[in-house]
Amino acid sequence: MLAIAFPLALLAFWHLATANRPASLIPPPYDVWQELWDLAVGGINDDAYSGTLLTHLVASISRVYGGFALALAVALPLGMLIGRVPLVRQLLDPTIQILRPIPVTAWLPLAMIIFGLGPRSAFFLVFLGAFYPVLVNTIFGVRSVEPRLFEAASMLGCTGSAQFFRVVLPAALPSIFTGMRLGLGFAWVVIVVGEMTGVQTGLGAIIMEARQLSRTEIVICGMIVIGVFGFLSDQLVMLIGKRLLAWSPAHG
C-alpha cells in the first residue's frame, strides 16, 4: 500500500490540475488512459497510431537488449583486464576516462555520419549508454577484491588465469550486477535519443513524432511504457543477481 500511495497522490494532483481545462496543453489522466488503450488495441481513435504499441515496443526492446548485451560482451572482459592487469589499465584507462563524460546526445550526429540513418545508429547509442556503467563498476569490483583471497587461492593450487574465474569473478559479481542495473537503466533512458536517428518504429520514434504533432497524450503514453518496462527490466536483473549471489550475506 505504501508503494502505491505516492503514485496515487501524483495521479490525483494531475487530475485536479488538468480536468475540465480544455486549453491545457497537458491532457488529464483519463485521456492518456484512453490513448494508451487505443495504442495497445485500437478501437477508439482509429488513426495511424491505433493498435501499434506492440510493434513499437518490440522494436525498442530489441534495441535496448541488443545494445545492452553487446555492452556486456565488451565491458565485462575489458573491465576485468583493466582492473587486474596494470599494463592494460595504464594503456586504456586514461582514454576511457576522457571519453566517459561525453554525453550520449553529443554522439548523435557522429553516429548518424558513421552508421547512417536508421536502427544501427540507435543500436550504437544504446550500446554506448550501457557500456560505461558496466565497465566502471566491473573495474571497481575487480580492484576491490581482497588480496588475501588471492593468497588463499594460491595456497589451494589456484594460480594464473584460473584466478579470474575462481576468485576475481565471484568476488566482483556484486559490483558487476550494480553496473548491469545502471547500464540497463541507461539503455532505456538513451532509447529515445537513439530512435531520433530516422527509425520508423520504436517508443522513442513515436514520442518524437507525437511531439511534432502536439499529441501530448501519446508522448505521455510512451513515457509510461518506457518507465514500466524499464522497471521490469531492473527487477529481472535483480532477480538474476539474487540467484547468482545467494552465497553473499548482503545479496542472498
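**Reading the model**

User: Does D38 count as buried or exposed?

Analyst: D38 counts as buried, because its relative accessibility is 0%; buried means under 20% relative accessible area, exposed means over 50%, and partly exposed lies in between, with a 1.4 Å probe and protein chains only. Please keep in mind that this is a predicted model, in which local features need pLDDT of at least 70 and side-chain atom pairs count only at pLDDT 80 or more, while totals for chains, interfaces and linings use all residues. Residues are numbered from 1 along each chain as its sequence is written, and side-chain values use heavy atoms, leaving out hydrogens and water.

User: Which residues is D38 in contact with, leaving aside neighbours within four places in sequence?

Analyst: With those neighbours left aside, D38 is in contact (heavy atoms within 4.5 Å) with G43, I44, N45, D46, D47, Y49, S50 and G51. D38 itself lies in helix α2, and its C-alpha atom is separated by 5.2 Å from that of S50, which is twelve residues away along the chain.

User: How many helices and strands are there in the chain?

Analyst: The protein chain has ten helices and zero strands, where helices (H or I, at least four residues) and strands (E, at least two) are DSSP runs numbered from the N terminus. Of its 252 residues, 42% count as buried, and the C-alpha atoms fill a box of roughly 75 × 50 × 25 Å along the principal axes. Among the contacts with a separation of 6 or more, 66% come from residues 24 or more positions apart.

User: At what angle do α5 and α6 pack?

Analyst: Helix α5, residues 104-115, and helix α6, residues 119-143, pack at about 145°, and their axes are 9 Å apart; here axes are lines fitted to C-alpha atoms, for helices over the stretch in contact, and angles run from 0 to 180 degrees between N-to-C directions. The contact is made by V104, W107, L108, A111, M112 and F115 on the α5 side and by R120, S121, F124, L125, L128 and G129 on the α6 side.

User: And T138, where is that?

Analyst: T138 also lies in helix α6, and it is buried because its relative accessible area is 0%. Apart from its neighbours within four places in sequence, T138 is in contact with L76, G79, M80 and I176.

User: Changing topic, how many salt bridges does the structure hold?

Analyst: It holds five salt bridges, each being a side-chain nitrogen of Lys or Arg within 4 Å of a carboxyl oxygen of Asp or Glu. In general, side chains of opposite charge can pair when their charged atoms come close. One of these bridges joins E35 and R215, whose closest N and O atoms are 3.4 Å apart. This pair links distant parts of the chain, since E35 is in helix α2 while R215 is in the loop between α9 (203-212) and α10 (216-244), 180 residues away. Both E35 and R215 are buried.

User: Which residue does E195 pair with?

Analyst: E195 forms a salt bridge with R63, with the closest N and O atoms 2.8 Å apart. E195 sits in the loop between α8 (162-194) and α9, whereas R63 belongs to helix α3 (residues 53-84), and the two are 132 residues apart. Both of these residues are buried as well.

User: What about D234 and R181, how far apart are N and O there?

Analyst: Their side chains meet in a salt bridge at 2.8 Å, N to O, with D234 in helix α10 and R181 in helix α8, 53 residues apart. D234 is buried because its relative accessible area is 18%, while R181 is partly exposed because its value is 37%. Elsewhere, salt bridges that share partners join E35, D47, R215 and E217 into one network.

User: What is the phi of S214?

Analyst: S214 has a positive phi of about 60° although it is not a glycine. Most residues other than glycine have a negative phi. S214 is placed in the loop between α9 and α10, and it counts as exposed because its relative accessibility is 59%.
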